[in-house]
Amino acid sequence: MTEQLNEILRFLAVKERLDLKAVALECMLRLTGSRDGRAAVLCHREAVKALMELTTDTQPLISRDAHLALLNLSEQEEFVARVAELQAIPKFLQIVADPACKEADKLCMMFSNLTRHLSGAEAFTKAIATDGCVSLSQLVHIFDRKDFNKDANFDYLAAVFSNITQVKAARSYFLDRSSKTLVSRLLPYTRYEASLVRRGGIVGLLKNLTFEVGKAPLGTCVMIPQPCFVFFNLCLDAHEWLLSEDVDLLPSLLLPLAGPEQFDEEEMQKLPEDLQYLPDDKKREEDPDIRKILLEALMKLCSTKSSRSYLKEKQVYLIVRELHAQERDREVADTCDKLVHMLISDEPPTEMDNLAEVVIPEDIARKFSMPLATSCVS
């Protein structure tokens, strides 16, 4: 395989004849279409480097096939190490940020694959913290502008946002109060019917943000490249900030779960304003995985007493109750049951106000087959 790659590599130079480059890339596409082939290519540093260089080839077909080969390679976790070694993330982000780029969506898909792995999420977060690199706020701006690039929809950036919030530094950046517009700009996409990928990615991001139960940063969030930690002034519980008028997260989590049901006037007035008097043709989120993630985010918001009280005050129980009555997916129904229990149960003792800090003895955790730690969705 190494000899075959060395032979192909001779024709992958940018200055090589077009017909020879095209044939060589066709071979690379076949190779990267299988796990063994991807493994062989990823072991060959120069082959990966040559593909990266060809992404900027002046011939559109050559550039397209080079992007496709890299997209195939990104299926493997080993791709993370190669990208980091070649310092390719900033370069590819610059390409994504070019409004004239025709292959931006392929790169977004590649980044989505890359950041599924924690090592890839960390490498990406480190890169966007580097001076001169495209920033997270710029990516959110690109994602939120429908007219940014006529050849790209950037839906897979939503998956990237969800994946990188495995990393505390990325979560903290979104939770920085001075960056509140980042979260606010993304909230409408929990109901974005045109793309399951975009909708699911943003819902995953919001769930990941609820994993921060401590304080939200007051001032500018500084992302430290290595290791990925953030230092900031502590001012407000992250859940309280997300539920406050500054962000108003709750309606964006509840609306996809709500149907056309009507409640009595007293109950209706206690619901968030966006949940009141919904039309008769209001439909719930169709994807069961997204419904489950939304419910899990609400459960995570129940970790602290103040947030539990707020969810109870806003009659979240009513929406979840009606969802449960209509739910046909077993896992989603079970998650509804757990959330309802948290919403209608008596408050725990004062020392257990913050459920996220309650230590479950290992023997009891094993007895109930409960995980000792919960990881963020990716």
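Which side chain does the side chain of Ser 307 make a polar contact with? It is the side chain of Thr 304, at 3.1 Å. Keep in mind that this is a predicted model. The protein has 378 residues, and 50% of them are buried. Its secondary structure comes to 22 helices and 4 strands.

**The whole protein**

- Take the contacts between residues at least 6 apart in sequence: 70% of them join residues at least 24 apart.

**Ser 307 in H19**

- Ser 307 sits in helix H19, which covers residues 305–313.
- With a relative accessible area of 1%, Ser 307 counts as buried, because the cut-off for that is under 20%.
- Setting aside neighbours within four places in sequence, Ser 307 is in contact with His 239, Glu 240, Leu 243 and Leu 301.

**H20 and its buried residues**

- In H20, the buried residues are Val 316, Leu 318, Ile 319, Val 320, Glu 322 and Leu 323.
- Those buried residues pack against quite a list of helices: H16 (250–254), H17 (265–270), H18 (288–301), H19 and H21.

**How H20 meets H21**

- Two packed helices are described by the angle between their axes and the distance between the axes.
- For H20 (residues 316–326) and H21 (residues 330–344), the axes come within 10 Å and cross at roughly 155°.
- That crossing angle makes the pair roughly antiparallel, since angles over 145 degrees fall in that class.
- As for handedness, the crossing of H20 with H21 is left-handed.
- On the H20 side, the contact is made by Val 316, Tyr 317, Val 320, Leu 323 and His 324.
- H21 brings Ala 333, Cys 336, Asp 337, Leu 339, Val 340, Leu 343 and Ile 344 to that contact.
- Sorted by class, the residues in the contact of H20 with H21 are 10 nonpolar, 1 polar and 1 charged.

**Val 340 in H21**

- Val 340 has its place in helix H21 and is one of the residues that make the contact with H20.
- Its relative accessibility is 16%, so Val 340 counts as buried.
- Leaving out neighbours within four places in sequence, Val 340 is in contact with Tyr 317 and Val 320, and both of these residues are on the H20 side of the helix pair.
- Val 340 and Arg 321 are 19 residues apart in sequence, and their C-alpha atoms are 7.4 Å apart in space.

How values were computed:
Residues are numbered from 1 along each chain as its sequence is written. This is a predicted model: local features need pLDDT of at least 70, side-chain atom pairs count only at pLDDT 80 or more; totals for chains, interfaces and linings use all residues. Side-chain values use heavy atoms; hydrogens and water are left out. Helices (H or I, at least four residues) and strands (E, at least two) are DSSP runs, numbered from the N terminus. Buried means under 20% relative accessible area, exposed over 50%, partly exposed in between (1.4 Å probe, protein chains only). A polar contact is a pair of N or O atoms within 3.5 Å; within protein, one must be able to donate a hydrogen and the other to accept it, and residues adjacent in sequence count only if both atoms are side-chain atoms. Contact means heavy atoms within 4.5 Å. Axes are lines fitted to C-alpha atoms, for helices over the stretch in contact, and angles run from 0 to 180 degrees between N-to-C directions. Angles under 35 degrees count as roughly parallel, over 145 as roughly antiparallel, 65 to 115 as roughly perpendicular and the rest as oblique. A crossing is left-handed if the near helix is turned anticlockwise from the far one by less than a right angle, and right-handed if clockwise. Ala, Val, Leu, Ile, Met, Phe, Trp, Tyr, Cys and Pro count as nonpolar, Asp, Glu, Lys and Arg as charged, and the others, Gly among them, as polar.
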